[in-house]
Amino acid sequence: MLNRETISGLLRTREIGRALTCCDVIESTGAAARDAARAGAPPGAVFVAAEQSAGRGRFDRVWRSPQGGLWTSLLLRPGNSGLLPGLPMAAALALKNSLKNAAGIDAGLAWPNDLVHSGKKLAGILTEPSFSGDTLDFAVLGIGVNVNNSSESLPDDIRQTATSCMDILKKEIPLETLLAAFLNEFEKHYGALLENGLESTAREWRAALGLIGNAITVKQGDDVISGVVTHIGTQGQIEITAGGEKKVIDTDSGSIHTEKYNKIL
Ligand code: BTN
């Protein structure tokens, strides 16, 4: 189990991680954060588990979460639902910086919500909002990073496309250090999102993605489209020109492949 005192001692935040729950094995930190939110937990509460028995990824996919990885969820109450697309952007930017600072790893951002290294997925990010009618109650931001779990610990199908800090560095890094570095970074990016609005976070995220001008292939259901990225919108949507026609791919409607990060569709 992660050491709560060590994490707290490294935190430089005002709100994020001030309420901190460290678990050994739980089904999912996302479910724990949601339950706590409904019971009135404060904004910025963080849940982290050594292992998840029922971790979930995007599109409700199974997310393998063995010992050694960083599996954490943040409870956020940004108030304005218009800021929701900025949460995974802020998290991706913060995670990139913290991997660099805490582990010396230069990870790239891969659209829409992944961090990649050498063409393989190192981390995934999931935003799950909860509404009362039209009003945003809270959002749970889930972060999964393969850290000290070698990709050998993952099932065959995932091993081909996944990597971990251990695979890259050939040594362990303390999960507490990486988590605290991430929370410290995230509070800065989240604060900037609340203060300056979505466009400014999206601008930074767009620049870090560096996809404009790249040839990509998009898979949407059974359709496969190839084109060149001409713009990335504030909501994170990709605009491509394919056969003289402009097409828009929303963050929740497709997966893309580009030579830039060799993501397999
Ligand atoms: C993705 O599909 O790429 C997003 C993966 C998000 C996984 C994290 S691990 C912590 C939190 N708890 C979960 O069950 N999922 C998220």
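Helix α3 passes helix α7 in a left-handed crossing, a crossing being left-handed if the near helix is turned anticlockwise from the far one by less than a right angle, and right-handed if clockwise. The model is a predicted one, in which local features need pLDDT of at least 70 and side-chain atom pairs count only at pLDDT 80 or more, while totals for chains, interfaces and linings use all residues. Residues are numbered from 1 along each chain as its sequence is written, and side-chain values use heavy atoms, with hydrogens and water left out.

Two packed helices are described by the angle between their axes and the distance between the axes. For α3 (residues 86-103) and α7 (residues 198-209), the axes come within 9 Å and cross at roughly 45°, where axes are lines fitted to C-alpha atoms, for helices over the stretch in contact, and angles run from 0 to 180 degrees between N-to-C directions. This makes α3 oblique to α7, since angles under 35 degrees count as roughly parallel, over 145 as roughly antiparallel, 65 to 115 as roughly perpendicular and the rest as oblique. On the α3 side, G86, M89, A90 and L93 meet L198, T201, A202, E204, W205 and A208 of α7, a contact meaning heavy atoms within 4.5 Å. By class, this contact has 7 nonpolar, 2 polar and 1 charged residues (Ala, Val, Leu, Ile, Met, Phe, Trp, Tyr, Cys and Pro count as nonpolar, Asp, Glu, Lys and Arg as charged, and the others, Gly among them, as polar).

Helix α7 also packs against α6, and here the axes come within 6 Å and cross at roughly 135°, so α6 and α7 are oblique to each other. H189, L193 and N196 of α6 make this contact with L198, S200, T201 and E204 of α7, and the residues divide into 2 nonpolar, 4 polar and 1 charged.

H189 lies in α6 (residues 175-196) and, at 10% relative accessibility, counts as buried (under 20% relative accessible area, with exposed over 50% and partly exposed in between, for a 1.4 Å probe and protein chains only). Leaving aside residues up to four places away in sequence, H189 touches A90, L93, A94, N97 and E204.

The protein as a whole has 7 helices and 12 strands, which are DSSP runs (H or I, at least four residues, for helices; E, at least two, for strands) numbered from the N terminus. Buried residues make up 52% of its 265 residues.
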